[in-house]
Amino acid sequence: MIMVVAAVPTGCTKEAPPPKEVVRAVKTVKVEERASAQTRKFSGVVEAVDKSSLSFEVAGNVKDVLFDVGQEITKGEVIATLDPQTFNLDVDAAQAKLRRARAQLTEKEAEYARYRKVNEESPGAVSQSSVDQTKAAFESARENVKVAVSELNLAKRDLTKTKLLAPFDGVIATRHVEPFFEVKRGDPIYDAFVEGAMEVTSSIPETDIEGIYIGQNCRLVFPIDTQQVYNGIVTDIGRVASTANAFPVKIKILTIDPILRPGMTAEVTFQIAEADQQRAFLVPVSALRPGKEANRGYIFVFDPATSSVKKTAVRGLGTVEGDRMMVTEGLQGGEIVAVAGVSFLEDGQKVKLMDPTQAKE
């Protein structure tokens with residue numbers, strides 16, 4: 001019997017390319033501010049996060065104030081000066097004192113050397129007490145020279161401090177003095193700030209302060225453009241009430257915008273819940289994938305960093321308002337959530353937004 005074996009060529013076969021990953025386009029919405037909360041609006045003032053009061057380290061009469069409000073300053077440049085005449089006189093006096101001290105040191109050193117030599121060559125020619133006295137006078141003169149050197153260095157240092165140097169690159173916010181003003185050490189000459197991060201300082205009445213907490217989100221509007229809404233976050237709450245029983249609150253502006261300047265007014269909007277209310281957010285009913293237990297479920301939150309969705313457990317599902325349902329646990333507010341086709345999504349799945357602008361808001 002003859003067997004015929006067919007040769008199967010292997011070198012020419014190619015592996016099929018892996019199927020391309022299909023990135024699903026999803027419809028999304030941004031989770032709204034806290035539900036069942038009352039809107040409160042307060043006024044505020046823009047301030048720089050990095051700011052400083054600039055002053056002289058010595059007292060004197062102001063000679064020059066070289067910058068006005070709004071002007072930029074560069075680190076190390078002279079921005080104001082004091083009249084140096086008195087300080088120059090102090091340096092001259094300290095130099096004269098040092099010269100006298102050195103002359104006395106030379107005299108006392110020679111006298112001590114003479115007494116010591118006589119005592120060594122002719123023991124008993126001078127008393128030991130006389131030798132000791134000249135030695136003490138010599139050592140005292142040497143210490144006087146050290147003191148005079150220190151006083152001269154201090155006088156020279158004070159002279160250099162008559163020039164106020166910019167400690168950083170920034171902008172003048174306030175100018176407190178004019179030429180010929182007499183100022184004390186530490187009196188403010190300018191207030192300056194570093195351009196960049198800004199914050200809003202507001203005063204919250206005692207009736208509303210319990211509804212404000214650090215890390216709370218809010219919205220900010222400025223008169224220069226009332227159509228532009230900025231996001232803010234509470235960074236500090238004062239412990240002591242100021243005027244009219246209101247507490248100072250600081251709010252960081254999350255977007256750096258060069259049009260915002262210190263001193264501008266702001267309108268701050270909070271969503272404040274009543275004391276007995278749970279924190280809750282409104283989420284479209286279509287965004288929810290039901291869980292196995294009552295009042296529990298899942299939503300898919302979009303992560304802009306990975307362009308994927310994360311399956312997120314939520315609970316406290318309650319009252320329906322129109323096509324939206326309240327969620328009390330699992331959300332912070334501001335998340336981008338999928339609202340269509342959630343039954344086809346998986347945790348970590350790559351997606352793209354039908355409205356890409358939502359990821360930039």
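A salt bridge is counted where a side-chain nitrogen of Lys or Arg lies within 4 Å of a carboxyl oxygen of Asp or Glu. In the structure above, which is a predicted model, Glu 57, Arg 157, Asp 158 and Lys 161 are linked in a network of such salt bridges.

Arg 157 belongs to helix α2, whereas Glu 57 is placed in the loop between β4 (51-55) and β5 (60-65), so the pair ties together parts that are 100 residues apart in sequence. Arg 157 is partly exposed, with a relative accessible area of 37%, and Glu 57 is likewise partly exposed, at 36%.

A second salt bridge, between the side chains of Lys 41 and Glu 267, has an N to O distance of 4.0 Å. Because Lys 41 lies in strand β3 (residues 38-48) and Glu 267 in strand β16 (residues 265-272), this pair ties together parts that are 226 residues apart in sequence. Lys 41 is exposed, with a relative accessible area of 54%, while Glu 267, at 34% relative accessibility, counts as partly exposed.

A further salt bridge is formed by Glu 143 and Lys 146, whose closest N and O atoms are 3.6 Å apart. Both residues lie in helix α2, where they are 3 residues apart, about one turn of the helix. An α-helix has 3.6 residues a turn, so residues three or four places apart point the same way. Glu 143 is partly exposed, with a relative accessible area of 41%, and Lys 146 is also partly exposed, at 49%.

Helix α2 itself comprises 33 residues (residues 128-160), which at 1.5 Å a residue should span 48 Å; the C-alpha atoms at its ends are 49 Å apart, in agreement with that expectation. The buried residues in α2 are Val 131, Thr 134, Phe 138, Ala 141, Val 145, Ala 148, Leu 152 and Ala 155. What covers these buried residues includes α1 (85-121).

Turning to the strands, an open sheet is formed by 4 strands in the order β8-β7-β5-β10, with antiparallel pairing. Since β8 (163-165) and β10 stand at the edges, each with a single partner strand, one side of each is left without a neighbour in the sheet. Inside this arrangement, β5 is joined by 3 bridges to strand β7 (residues 78-82), and the two run antiparallel; the bridge partner of Val 62 in β7 is Leu 82.

Finally, the backbone angles of two loop residues may be described. Most residues other than glycine have a negative phi, and most peptide bonds are trans. Phe 180, in the loop between β9 (170-175) and β10 (182-183), has a positive phi, near 80 degrees, although it is a residue other than glycine. The relative accessible area of Phe 180 is 69%, and the residue is therefore exposed. Asn 245, found in the loop between β14 (225-237) and β15 (246-253), also has a positive phi, near 55 degrees. With a relative accessibility of 42%, Asn 245 counts as partly exposed.

Notes. Residues are numbered from 1 along each chain as its sequence is written. This is a predicted model: local features need pLDDT of at least 70, side-chain atom pairs count only at pLDDT 80 or more; totals for chains, interfaces and linings use all residues. Side-chain values use heavy atoms; hydrogens and water are left out. The expected span of a helix is 1.5 Å times one less than its number of residues. Buried means under 20% relative accessible area, exposed over 50%, partly exposed in between (1.4 Å probe, protein chains only). Contact means heavy atoms within 4.5 Å. Two strands pair if DSSP finds at least two bridges between them.
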